[in-house]
Amino acid sequence: MLNNQGRPTGAGESAPAYNRKTFTGNRALQTREALIFEIGRPEVSGIDIDEPEAFTPRLGALARKTPLDLPGLSEPETMRHYVRLSQKNYAIDAGLYPLGSCTMKHNPRLNEKLARLPGFADVHPLQPTSTVQGALELIEVLSGWLMELTGAHAVAMSPKAGAHGELCGMMAIKAALAARGEGSTRKVVLVPDSAHGTNPATAALIGFEVRAIPAREDGTVSAQAVREACGPDVAAIMLTNPNTCGLFEPEVVEIAAAIHEAGGYFYCDGANFNAIVGKVRPVDLGVDAMHINLHKTFSTPHGGGGPGAGPVVLSEALAPFAPAPFLRRMGADLEILTLVEETGDGAAFGRLTAFHGQMGMFVRALSYMMSHGSDGLRQASEDAVLNANYVRVGLGDVMSAPFGDRPCMHEALFDDNWLKGTGVTTLDFAKAMIDEGYHPMTMYFPLVVSGAMLIEPTESESRASVDLFIMTLRDLTFSVRRGELERFSGAPYYAPRRRLDETRAARQPILRWTPPAPIIEDEAAE
Amino acid sequence: MRYLPLTPEDRTSMLRRIGAPDIDALFADVPADKLLQELPDLPRRKSELEVERTLSRMAARNVAAGSVPFFVGAGAYRHHVPASVDHLIQRSEFLTSYTPYQPEIAQGTLQMLFEFQTQVANLTGMEVANSSMYDGSTGCAEAVLMAHRITRRKKAVLSGGLHPHYAEVVRTLSRMAGDDVMTMAPDVLAGEDMLACIDKTVSCVVVQTPDVFGNLRDLNALAAKCHENGALLIAVFTEAVSLGLIEPPGAMGADIVVGEGQSIGNALNFGGPYVGLFATRQKYVRQMPGRLAGQTLDANFERGFVLTLSTREQHIRREKATSNICTNSGLCALAFSIHMTLLGESGLRTLARVNHANAVKLADMLARVPGVEVLNETFFNEFTIRVKGDAGQLVERLAAQGILAGVPVSRLLPRAGFDDLLLIASTETNTDEDRAALVAALSSQLAH
Amino acid sequence: MTDVRYTKDHEYIRINGDIGEIGISDYAQKQLGDVVFVELPQIGASFGKGDQAAVVESVKAASEVYAPVSGEVVEVNSGLEATPASVNEDPLGKGWFLKIKLADSGELGALMDEAAYRDFLKTLD
Ligand SMILES: Cc1ncc(COP(=O)(O)O)c(C=O)c1O
């Protein structure tokens, strides 16, 4: 007997186009997820904890009377809620993430494991220093690596991210100027228009006045322009190098000399350090202070927006002007000095944050650095630059580069000149990349380039991966030229959400969940 | 190198495709005399095994809080974090994504931030919260700047009960920004008269509750006096769990509430990363620092979330931004939010009561030890004791016996005449044995 | 017909006796895109010609609005708080920002009239 039991195993004769809305609104693995406030219940908890035995509270008259309105979920519901949410995110683990200026490189899991060792994660910042010698040793070793890689004389470890590092560096400059008696006369900070927004924001935060300096046609800053902008009122220059156009500033040494000659300091935004680790030491170029985004160059995971860490390396001139606390070796032991007077020269300034900085990030960064070693770190930078130039050349004939076909550092910059008159904008192009399974590049930054598209593939991409990326973008450019506007104007089509209405969000901001207004019975009945 | 996918053959052929004779041709803009010829003077690459061995050795030189009776607080608290929290935050899609600049493929992060903002607002009793600051102390300093923008005044008054490190962060930033700060004398017993300091020149008053010495503070009178004078009340907390049990600052008239969120969802981490919570009233939202997630609709009219009100921020407003913050504490905010979701309000209330009960029990035990005086009238899970002799040395001796007894006030306020004061925190993680060990060790030390 | 004058920064001022109603031109609103917020000055504030009088925000940009002439603020369009979209829909009507009492009507002479402004716009593209 022939056995004809069982289910059909083909793909279906002729699968019809199908577009029906599902009952749940889900699309197979792509599920909807309500807010915890809609699915949680106040009496539910995912944690078992017993009420204490009766006792007499010591709260005075301040026991809570105000409702909490915090619904709870059991553990399985919690897992499901957040796993479903996670599935709506793009991630470097899932695909190339060419976000220029952000250095979305691979995040090794060894680093996660080590950061969670109880000897690092379960240690309190105010334990007796005799019980945290290993933690202090780690900070000392990491500081040593950062100083060696940058040529610096000191490093301030407490800043919590790049922008916080900028603040630290600019405070050091302010302190140094004050020590020279020029605190009230030197008020101006030179910032190129191509700078990241944090640079002018930082300078303004502590009372500096921002003066723009122009870039040349080729996207770099000339020493001449700096010299012309310098005067007795200038405190510092904030320059990104490699710069935000992905170029190494060719006159950086002369620029440093110019600002020093004029009596100012050179703050370098080190966000793009990944291009030059082990190749050049910024302090050798004349830099006085530079933050290092450990969450970029040294792979601590970005976590959907942080935490980061922004240690600031300091030149000999600025080394005395660092924030408290200080780490000092006293014989075999490491000590934390909190009082500014104890640091010896009295030039230090106060705290930037409650404790000693982002220890969890320090462990990860050191693990990354030790894994690479001096040879691997240099190789990583070379590969990052190689991949970026490969992208630049692979797309140079179909997109437009604002500064011609000169080599770039670790990111390749294109503009929207090639899109003029096509009806497609940088934004549309970026959104179409989403449908192709890619996170878009950084767009509309730097501001000095029209419709900027800044592509940073990083060293973590294989050649096959970069090849496919290039081919995909080429295909998109052909589509633009064929006038296939719908591929762009409505994109993305296949993401968890279509384009979102940001105007609506900003005009009537809804920044928190509130219970829906109750339906009034008799009105509803009418 | 295990993290680098390019092979030597790839590199050669890619260089050929680029048209560069060698890799250094791509570094042509680097002044030739600055291009390093030698490798940096650092060790060469290491295997996973070797790195793990090296760092584990460093970790082993530290005393982990969980391995001893542990009573250290003063701004960071050891709580039990459910295993599911740490698992979830390590999901690739949360851990290895950037700030949600492309909302269509970042709804996970954006929805979570919207939920986080709501949780923080409800916990603090405020109308809106942002999507996190670096930590409580930097949030505190930013709150002061925000108050200056709103009131167009430049003078902050800091309570003597504010964590001394927070006060120092505020002073550092204010001094650099050219603003005035008046700091009250350290106020161990919460007896200071701040009302007398408030006049029409004051921009804001910064008060912590529970304060650094553990005392709970009623903010109502202060808020009223502030508002009479056109000043803002900034309320600070360093122990978020306390809000499960005590009246939130928002209900006592605070205009800005900032605090440390570490104690929910986040490990001690030797001081960071932590997560700053920042909440205020709706009318001040445009002066707020930091990112905000907001609700909207997509092209199919489906609910979705985006970053909004960005014109406040550095990437748009540049030197006129409300703050320079960019990267914040996203993943720590996620840990906070997941832990809070697991707790729910019933769990949070119970957790807070257990903390309070443990601290009350310990305070009562310590009060009976000769040579110890418990100073607080009110407290949540931390209080101040006066001991016979030097508290710093006492803590060292107890540490040598394997007990981490607390934070000597002299550690926070060196050479300020508080050498006999000790802050002691007790959370749900302390057992009866822990308490007995502390009391016994303290008794024997003080008997000498 | 009332008299409307323009600046090179695309503010307009509509003169009505000694009161001038200030807003941004149709060209400006198109350039900005969807307006989401307008920060208005306090009533009673005084401006010199060219001082910042308001800030107009789109989703992605914030632009200063300068006083075309000097004067004291006598009224602001508080309706913009709820409906900032009127700046886009009706910039010279419901989308006005503020009214000032002119300090020196002589300053008006330096501004462009409708025709001159239209010519000026032609030079921009
Ligand atoms: C060029 C540049 N500078 C500064 C920053 C600020 O760094 P962070 O986000 O760590 O504060 C960034 C990153 O966002 C950047 O790309």
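Q: Hi! Which residues is A:L146 in contact with, leaving aside its neighbours within four places in sequence?
A: In this predicted model, A:L146 touches A:V155, A:M157, A:I292, A:L294, A:F298, A:P311, A:V313 and A:M369.

Q: Nice. And what is the largest nonpolar core like, how many residues does it have?
A: That core has 123 residues. A:L146 is among those with the most contacts inside it, along with A:L190, A:F298, A:F429 and B:L55.

Q: Which helix gives the most to this core?
A: Helix 10 of chain A, residues 359–395, which contributes 18 residues.

Q: What does the second, separate core include?
A: It comprises 94 residues, including A:L318, B:M176, B:V285 and B:L421.

Q: Switching to chain B: how many helices and strands are there?
A: Chain B has 13 helices and 13 strands.

Q: Why is chain B called as compact as a globular protein of that length?
A: Its radius of gyration is 25 Å, close to the 22 Å from the globule rule for 448 residues, so chain B counts as that compact. The C-alpha trace spans about 80 × 55 × 50 Å along the principal axes.

Q: And what percentage of chain B is buried?
A: Buried residues account for 69% of the 448. As for the accessible surface, chain B has about 13,800 Å², with 51% of that belonging to carbon and sulfur atoms.

Q: What about contacts between residues at least 6 apart in sequence?
A: In chain B, 71% of those contacts join residues at least 24 apart.

Q: Last one, on charges: how far apart are the mean positions of the positive and negative ones in chain B?
A: They are 3 Å apart, for 42 positive and 49 negative charges.

Key. Residues are numbered from 1 along each chain as its sequence is written. Chains are lettered from A and ligands numbered from 1 in the order in which they are written. This is a predicted model: local features need pLDDT of at least 70, side-chain atom pairs count only at pLDDT 80 or more; totals for chains, interfaces and linings use all residues. Side-chain values use heavy atoms; hydrogens and water are left out. Helices (H or I, at least four residues) and strands (E, at least two) are DSSP runs, numbered from the N terminus. The radius of gyration is taken over C-alpha atoms; the globule rule is 2.2 Å times the number of residues to the power 0.38. Buried means under 20% relative accessible area, exposed over 50%, partly exposed in between (1.4 Å probe, protein chains only). Contact means heavy atoms within 4.5 Å. Accessible areas come from the Shrake-Rupley method with a 1.4 Å probe; for residues, only the protein chains shown count as cover. Lys and Arg count as positive and Asp and Glu as negative; His and the chain ends are not counted. The place of a charge is taken as NZ of Lys, CZ of Arg, CG of Asp or CD of Glu. A nonpolar core is a set of buried Ala, Val, Leu, Ile, Met, Phe, Trp, Tyr and Cys residues joined through side-chain atoms within 4.5 Å.
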